[in-house]
Every structure is written in structure tokens, then in C-alpha cells.
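Q: I am new to this structure and would like to go through it step by step. Could we begin once it is on display?

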Amino acid sequence: MGQIQVMSEALANQIAAGEVVERPASCVKELVENSLDAGAKTLVVQLEEGGIKRIRVQDDGHGMDEDDLRLAFARHASSKVKSSRDLFRIGTLGFRGEALASIAAVARVSLQSRMAGSEQGYGITVEGSTTKSPVTPVGMPVGTIIEVADLFFNTPARLKYLRTVQTEQARCVEVVQKAALSRPDVRMRVLVDGHVLFQTTGTGNPQNVLATLYGVGEAGQFLRVEGQTPDYRVLGYIGRPTQARSNRTHANLFVNQRPIRNIAVHQAVAAGYGQRLMVNKQPIYALYIDLDPGLVDVNIHPHKSEVRFSEERDLTQLVQTIVRKALDEAFLVPTARFSNPTSRAEQTPRPVQTGLGIIAKSPWHDGSRPEGGNPANKAEAKPQEANRPEANLQRDEAVQSEHSRGPSTQTSGSSYAARPPQPGISLQGVQSRPSAIGSRSTNVPGAAQQVKYPAGSRSLSPEVLETMYGTEGASEIHVRERPVDRDDVALATEDAALATEDAALATEDAALATEDAGPASEGAQLIQAEAAPAPTREGWRLRPIGQTLGMYILADDGEDLYIIDQHAAHERVLYERFTKQMAARSAHSIELLTPLTFHLSPGDAAVLTQHIDVLAEMGLSFEPFGGYSFMLRSIPLVWDGLNPTALAEDLVSSLAEDARAVDVKGALKERIILRACKAAIKANHRLSDMEMRALIDAFSDLDDPFHCPHGRPVFVRLTSRDLEKEFRRIV
């Protein structure tokens, strides 16, 4: 007798359930997808003990009749696929006909459904693939109600390896949140142990769902993106660089309203951000891709969470283009906010940690909470403080590259004021352009004198200054400024004071009128945030005020106050100047008096030989020196004054890694330019007024003056309204 036998139906179902039902969140996903495919406009999910004890999903879809109910739990029974041709144009979330049969194999399932126009509904109960109660008439509203109880009751091994109740609950809520983002036109609600944890309004506006997930304030900062090709149409919202997260769980991608993961599209989004993202930070976004179902294969993953595009390169290029365009057009200066911990604790709804790390608002907006509420995630709510934009901003400002700090000095307030200016790298010889807001030049004593340098600092050659700031900026060594008429200063000061007072009174009247109008709802606030005109770069110019803490420049644009990181700003200037020279193939080089010799491994020598001409275009002239040795005779001009040996060794050691990049030339350029940024002025170096003005003028006209090459913000903004509120000039 042979050893091969046909499995029983119950055993086959239990094995198949291992692929479909991994945890309670898997059940929630399949049941929610069935409801959406049934045309539901309202969907309610109830969980007990994280979905392990009970999952109940109710919708108002078109329902099923008596005959459909009998076949609902049969394996490979589906109303969504009729023939093999339908597999090439799948337009529904489900199509395999395995979900209900797999769930019923490892749980106790009760299903009730009623079609529109029918006087009554029908119900059936299945336990472990065995029908316990046949189809019977029941009274119920139009739609479907399915209840899954005691998940994995007959597979204790699976039950044993489930996570904690809090973790499983978070995974289930995450599934519904993804579904809510994919279908903002459907009203969804999640109840945990009888309390509403998450709900949406079903207005059809994705930004309203984002506001529910992330808060009105943060969702209002998202940038809208949109673009299309003959095959694809992409629209959605992307977060600003300061809203970036440390993982990819906030990357929301939807293809024909199906939540998916796709590494190529995610990399395209990140490439669109470019250097605006800090290292190890991931963008936050919600992108909706619409395309012909025939151009995508959704039947490649057991959980249907991954798809394959027929023209993936066209899609990634489109995504990268629209993301970069939105960021280029946006005014990306981070706004610093004053915060009151006491008032925030009183006003902010209690956050709830979900699997996505999303802060979902608590339904008890008045601060109260019913007795016996779910204690889950109390300990996890506090760390989410770091996800707020203010906390991200403070954290980003605190991050400093190892090479960004000069020799630190510890001084008291009195001795610091008496200490003479100590600029680190001379910016003299850079002629300041007049400010666009009409600020007067001040006659600073000693401004036209030769600047003294502290120990270890150096002066730059005119050629290097020309590389950094252009021909016009480095044309003169001394800048003469006309004396200021004291009467003019007094009149200007008086006029400014009167104008400020008038503006404050007008602002106060507007605030009182707003208060009389009554508080606006969250939706209204979001609409106002969308309608408010965002700042633009047109005609935007900063006027330096002074320097503080040895590393920040204070400036204003006539309306707001700006705090500028001098090292990050100078890094950006160097980066864009040298990038443009590279693009024009006009990178100047410096001949070394004593050539440097490098002895390489056979593999590194082969890579260097292959790219020796590309490196020569960038100012690095290598020559073979016998065997696996090479001689370096010239370096890029912007490396002048740095340690060429260390920089060249780092470049050669990373050459093999750069050679594996898709764009080898681009990778090499990027590494050379980033090494050149070591020439930027450091922290704890004092700058003269002329040097501050020259630096501000230099980066104000850059393509991206908002971020250094490493993704950190160059400056932050304090709005005049925030300052007036802090000084109680407005209420």
C-alpha cells in the first residue's frame, strides 16, 4: 500500500490557514477587505483582548443571500473571480476565496448577512471547519456581521507564539488605519473593549484621515503632490523633512486603493527628498497610485501586500519628480514654537500607541475617561513625545557632525561680552549685497580692518573665496560703508516703533474678533491651515542682526526672526558652488608640491584604474606608479587647506562601494563634494558683521538654502506672531 494519502478537509484547511491567518490582525485585514469589496460605506470593528478573544466586523454593504451564505466558507469559493482572464485585471481587494475558510478552520465564526430589499437576513455558525448551526433566518439591518471568537483554539502552538494583548491590538488598529487611508470615503470606527479608539468621518478627503492619525497641526504641514503619465496617475501628501521618522512604518502607499509595500517606490520618494532628509531618517507620506489593473500583478504575495508593476521605472521616475517639485516649491524653514508643558498636558488628548507608531487621538476630548478603560499602552504613550514636530526640531538641532565643532570655549556671560571677535575662516573680501528690505548699513568700528585669527585658524586664498562665493563676492578685500546719519537713525527708529504699535493693535483687534466668533472645529482649523498662504522665496532676503553662542547668526526679513546655523549654512554654500562647477566640468585643481603615493589591493587598484578618467574630471589626478601603486598629483581646489592625504585615503577606500552604485559618477561627485564641506566654518568661531552679511547673501540665492548636505536644517524661524503671543501683546 502506498504512503501518499489525501488529507482530510479539516487538516488541509488548518495548514492553509497558516498562510492566511498569522495573527488577529490577519483576520481583521481579510474581513475589512471583504466589507470594502461589498461596497460598504460604514464599517465598525470591535476587538476584545487584542482580537484574540473576539473580533466583530459589521458593515452596511450589499450583503449575501441564503445560497451565498452556504458557500461562503467553502474553500476557493468567491464572487470576485469568474475565469482565469480575471486574474490579469483584478479590481477587488480579495480574489482567492480562502479567507473565510481559513479563519473558520482555526476559530469559532458566526456570520449574518442581509441583502437590500430582503425582509430578513440569514445566519450560519462554523467552528473548526465544521458547521455547527445551519443557515437560519435572523433579524438584522442590511449588510453583514461576522464575529470571530477564540482564535487558534484548536492550534495551541500558534496561540502560544502570539505577542502580548497590547501588541496584537496595535497591529489590528494599524490594519484599520491603513484601510481608512486607502478608502477615505468610508466611515470607519474601532472599538476596543467597548471604547472608541479610532474613527473617521468618511468625507472622502485623505487629509482628514491624516489629521485623525497625526493631529490637525501636523497634517496641515503635509505637502500635496500630483502628477501623471499615460500609464500612471499619482497624488497624495508628503511630510516635510522635519516630520521624517526613524523607520518606514509611516510610508503609506496605495495602488488602486490597495495598501501595499514597494521598496522601489519608497526609494523614489526618498530620492525626491535628496539631502533634505537627515541620515537614518525616513519620509512620511501617503501616496495613491491609480493605473489600469492590467499593468499590475497583485497575485505575487501570500498576504497580497506586494505587487509587481509592468513599467516600474516610469512610475519611480514620476514619483521622484513630483516629490522633488513639491519640496522645491515649498518654503521649508522650520518654525520654532514656544511651548508650555502645563497647558499642553491639559489640552492635548491622550495619545495611543499603535503598530504604526501613529498617535491616534483619544475619543475623550473633554479629558474624562470612562471607568475600566483599556490600560494598554499607558507606558508607551510617553515616548511618543519625541514624534511631535517641536521635539523633532529640537532633536535635529542638537545633532552635530563630528567635524562641525571647532575648539569649544567655556565662558561666562560677562567675560564673553568683553572678549574680542574671533572669526574662524575669513570671509573678508566678500562684498555684501544690499538687503532687499532696505536696511541701512552701519559703520562698525574696525569692520574694514584686517581680521585677526585665533590659533589653528587660517585665511583663505582669493581663488578659494571665488570658488565659494563667486567672482563678484570675492572681487574686493575691504568694504567701505558710508557713515550713518544719527538723525536718520532716530527718525527710522521712531517710525518703526509707531508701525509696530499699530500692527500690534490691529492684531489684538483681530484676535478679539476671532474670540467673539467662537472656537472653530478641528475640520475648520484644518481647512484654514490649508487656505492660509504659505511663505514664498520670492523677494525673500535676510538682514543679519548679530551672532550668539558662537555658532548661530540672528537675522530677520522684516517680519520674522531667523536663527541660522553658521556651519550648516556655509556647508550648503560650498556644496552647491562645487556641485555647479562639477556639472560644468570646470572644477579647478591644485597641484601638490609632493605627490601622494597609495599602495592598493588588486581589487581596489582595478576599480581605481577603471574610473581614473572620471576622477581626473573632478580634480583628482591619479597616475599608475608600478604594480598596484598610484600617485596622486592634484586635488580639487575646494580641498585646499584640508588634509589631502586623509581625504584621498577615504575616497580610495570607499571607491569599491561607489563603483557598485547605479550612477558611479554621481556617487563619486557626491563623496568629493561632501568631503569638501569640511572647509566650512565651525562652531565657536566669531564672525564680523561683514562676514555674516556675506554668508547670508551667499546662501539666500541657493537652490536649497534650507538644509545642509547632511539633511539638517540651516535655520529656524520665529514668527512675529509667536513672539507677540509670548510677550502677551496679543491674547
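Q: What is the mean pLDDT of the chain?
A: This is a predicted model, and the mean pLDDT of its chain is 74. Of the residues, 68% reach 70 or more.

Q: Where does pLDDT stay under 50?
A: One such stretch is residues 473-492, for which the model has 30 contacts beyond four places in sequence. Another is residues 508-534, with 15 contacts beyond four places in sequence.

Q: Which residues touch the most other members in the largest nonpolar core?
A: They are V28 and F73, in a core of 61 residues. Helix 6, residues 165-182, supplies the largest share of this core, namely seven residues.

Q: And which residues does F73 touch?
A: Leaving aside residues up to four places away in sequence, F73 touches L100, A101, A104, V109, L111, I124 and V126.

Q: What does the second core include?
A: That core is separate and has 57 residues, among them V234, V255, L327 and F331.

Q: Changing topic, how many disulfides are there?
A: The count comes to zero disulfides.

Q: Is C172 buried or exposed?
A: C172 counts as buried because its relative accessibility is 1%, and the cut-off for buried is under 20%. C708 is also buried, at a relative accessible area of 0%.

Q: Now the open sheet: in what order do its five strands come?
A: The order is 9-10-13-11-12, and the pairing is mixed. Strand 9 (223-228) and strand 12 (258-260) are the edge strands, each pairing on one side only. On average, neighbouring strands are turned by 20 degrees against each other, direction ignored.

Q: How do strand 11 and strand 12 pair?
A: Strand 11, residues 251-255, pairs with strand 12 in the antiparallel sense over three bridges. The bridge partner of L253 in strand 12 is I260.

Q: Which strands does helix 6 touch where it packs on the sheet?
A: Helix 6 touches strand 11, strand 12 and strand 13 (285-291), and its direction makes about 55 degrees with that of strand 11. Helix 9, residues 263-273, also packs on the sheet, touching strand 10 (232-238), strand 11 and strand 13. The direction of helix 9 makes about 125 degrees with that of strand 13.

Note on methods:
Residues are numbered from 1 along each chain as its sequence is written. This is a predicted model: local features need pLDDT of at least 70, side-chain atom pairs count only at pLDDT 80 or more; totals for chains, interfaces and linings use all residues. Side-chain values use heavy atoms; hydrogens and water are left out. A nonpolar core is a set of buried Ala, Val, Leu, Ile, Met, Phe, Trp, Tyr and Cys residues joined through side-chain atoms within 4.5 Å. Buried means under 20% relative accessible area, exposed over 50%, partly exposed in between (1.4 Å probe, protein chains only). Helices (H or I, at least four residues) and strands (E, at least two) are DSSP runs, numbered from the N terminus. Contact means heavy atoms within 4.5 Å. pLDDT is the predictor's confidence in each residue, from 0 to 100. A disulfide is a pair of cysteine sulfur atoms within 2.5 Å. Two strands pair if DSSP finds at least two bridges between them. Axes are lines fitted to C-alpha atoms, for helices over the stretch in contact, and angles run from 0 to 180 degrees between N-to-C directions.
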